[in-house]
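Please open the model in a viewer and keep the sequence panel at hand.

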Amino acid sequence: MKHLKCICFVRPTLESFNFLQHELSAPRFGEYHLYFSNIVRKSSLESLAESDEQEAVKVVQEYYADFIAINPDLFSLDMSIDNFRLVPKGSTFPWAWHRAALQRASEGLASVLLALKKRPLIRYDRASPLCKELAEEVDQLIKKETQLFKFQKSDSPPLLLLLDRRGDPVTPLLTPWTYQAMIHELLGIRNGRVDMSGCPDVQKDLKEVVLNLEQDPFFRSNRDLNFGDLGANIKAYVDEYQGTSRTQASKVESIADMKRFVEAYPEFRRLAGNVTKHVALVGELSRLTAKHRLMEVSELEQSLACNDNHAADLKALQKILQEDIRHDSKVRLALLYALRYEKVPNSLASSIIPLLKITKVPEEQCQMLETLISCAGYDKRQNDLYEDSNLFARSRNVFRGLKGVENVYTQHQPLLHRILEEMSKGRMKETEFPFVSSKASKLIPQEVIVFIVGGATYQEARHVALFNQQHSPGIRVVLGGTTIHNSKSFLSEIEALFG
């Protein structure tokens with residue numbers, strides 16, 4: 001096929017170079033145009049050149065895209081437990097990076113910085129050895145590739161802030177009630193696709209659907225809406241389609257009408273497909289919510305996350321654990337209770353684990369309570385997750401409650417929300433978030449990249465989007481993570497890493 005040109009777009013990994021060398025040693029195409037998603041080492045290029053004896057390679061270029069862009073302000077490095085272990089198997093606390101994972105995370109972050117054309121100050125969670133090591137690795141990489149990171153300096157330097165998932169283990173455990181987050185929690189979003197093949201009575205062409213913010217206006221405008229508002233909007237969307245359908249059907253009376261109909265037909269078909277897709281998605285979310293009694297479960301989750309009432313919470317938990325709900329829901333409620341009342345004597349062993357075992361929750365899931373406390377308990381975190389732990393905070397919450405919240409199911413705010421608010425007011429303490437190899441800056445950064453080691457969530461992405469709206473045009477935040485978690489993936493990672 002010498003008449004064809006071959007375009008390769010690959011990550012600059014050892015495996016990729018081995019494949020390329022093998023291909024170039026006996027080229028099947030006339031020309032090769034090679035694009036790499038990250039920085040390429042000089043030694044790798046030299047070995048590639050040695051294989052290209054027929055000089056088939058015409059272009060070699062670095063195109064920085066070594067990450068998955070999910071939303072305009074959210075990215076992932078896709079480092080799930082299936083393809084990357086963050087720490088070596090059998091690792092003891094504190095965590096130490098698995099070398100391959102550290103390299104992937106640092107290179108992925110370098111690609112993000114180069115794509116955004118930023119050379120930032122770097123700060124990290126002082127309580128996290130993982131964040132500290134990653135911060136130093138990224139800092140060294142920037143210094144090594146100083147020519148690539150020569151960007152125009154701004155008055156307020158950008159900031160890369162590294163956080164640890166262990167700092168907020170509560171957020172991934174809560175049932176979310178906004179559209180994008182609910183889909184990921186109940187069905188799962190993988191590379192922008194949702195697998196609905198296991199849903200009852202699903203149409204053949206809806207067994208896998210695509211969610212794309214750029215091409216799907218309904219999803220773009222509703223991704224962060226709560227489930228109640230979503231119901232009203234999906235009805236309006238169906239009404240819009242019905243109105244368009246009737247209009248199209250009634251107007252085909254002349255050649256000119258036929259021409260207009262044919263021209264509008266692709267858009268009409270796209271609207272029809274999109275309406276069908278979202279009606280199916282919302283219908284399935286509604287079915288699963290009712291089947292698994294998620295509203296009842298979520299109400300107790302929010303109480304455990306936002307209130308401090310041990311006697312009432314314990315009574316409610318003991319009651320719901322004996323009812324017919326999923327084992328996953330029981331484990332999440334038990335974990336939220338264990339995190340909230342960790343310091344209450346004998347709360348874990350005497351009250352909760354026996355109840356879980358009686359209700360036939362598998363032994364390995366019961367053990368997760370102690371595992372989570374070991375890796376993300378009070379002693380492993382530097383920030384207080386629960387704002388009502390002192391008198392002043394309780395007073396602040398009472399007054400905040402007078403303004404009301406959206407509803408009882410969305411009371412909880414991730415720790416990230418509090419950190420961003422402190423940062424926007426210049427109150428982020430250097431003792432908690434030290435700088436790497438640079439002097440502390442008292443200027444409030446205008447551009448911030450937050451990266452969560454251990455995975456971000458769509459709930460946190462929603463708070464980032466709201467933060468950007470409220471602080472526009474002053475501050476813009478981009479959120480990233482080693483992966484994007486729902487409760488199932490978060491528990492699987494905890495179990496795999498430390499079980």
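**Before selecting anything**

This is a predicted model, in which local features need pLDDT of at least 70 and side-chain atom pairs count only at pLDDT 80 or more, while totals for chains, interfaces and linings use all residues. Residues are numbered from 1 along each chain as its sequence is written, and side-chain values use heavy atoms, with hydrogens and water left out.

**Whole chain**

Display the protein chain as a cartoon: 18 helices and 14 strands are present. These are DSSP runs numbered from the N terminus (helices: H or I, at least four residues; strands: E, at least two). Of the 499 residues, 49% count as buried; buried means under 20% relative accessible area, exposed over 50%, and partly exposed in between, with a 1.4 Å probe and protein chains only. The accessible surface comes to about 25300 Å², and 52% of this belongs to carbon and sulfur atoms; the areas come from the Shrake-Rupley method with a 1.4 Å probe, and for residues only the protein chains shown count as cover. Among contacts (heavy atoms within 4.5 Å) with a separation of 6 or more, 79% are between residues 24 or more positions apart.

**Strands E2 and E3**

Select residues 31–36 and 57–62. These are strands E2 and E3, which run parallel and are joined by five bridges; two strands pair if DSSP finds at least two bridges between them. His 33 has Val 59 in E3 as its bridge partner.

Next, find the open sheet of three strands in the order E8-E9-E10, with antiparallel pairing. E8 (189–190) and E10 (208–210) are at the edges with a single partner strand each, so one side of each has no neighbour in the sheet. Two bridges join E8 to E9 (residues 193–195), and Ile 189 has Val 194 as its bridge partner in E9.

**Aromatic rings**

The structure holds twelve aromatic pairs. Rings of Phe, Tyr and Trp (its six-membered ring) pair if their centres lie within 6.5 Å; planes under 30 degrees apart count as stacked, over 60 as edge-to-face and the rest as tilted. Select Phe 9 and Tyr 63, an edge-to-face pair at 6.4 Å centre to centre with 85° between the planes. Phe 9 lies in strand E1 (residues 5–10) and Tyr 63 in the loop between E3 and strand E4 (68–71), so the pair ties together parts 54 residues apart in sequence. Phe 9 is partly exposed, with a relative accessible area of 47%.

Move to Phe 29 and Tyr 32, also an edge-to-face pair, at 5.9 Å and 80°; both residues are buried. Then select Tyr 179, Phe 218, Phe 219 and Tyr 237, which ring pairs link into a cluster.

Select Ser 156, in the loop between helix H4 (129–144) and strand E7 (159–164). Ser 156 is buried at 11% relative accessible area. A polar atom of its side chain lies 2.8 Å from the backbone oxygen of Ile 444. Beyond residues up to four places away in sequence, Ser 156 touches Leu 443, Ile 444, Pro 445 and Gln 446.

Finish at His 471 in helix H17 (residues 458–471). The C-alpha atoms of His 471 and Gln 446 are 9.8 Å apart.

Definitions and conventions. A polar contact is a pair of N or O atoms within 3.5 Å; within protein, one must be able to donate a hydrogen and the other to accept it, and residues adjacent in sequence count only if both atoms are side-chain atoms.
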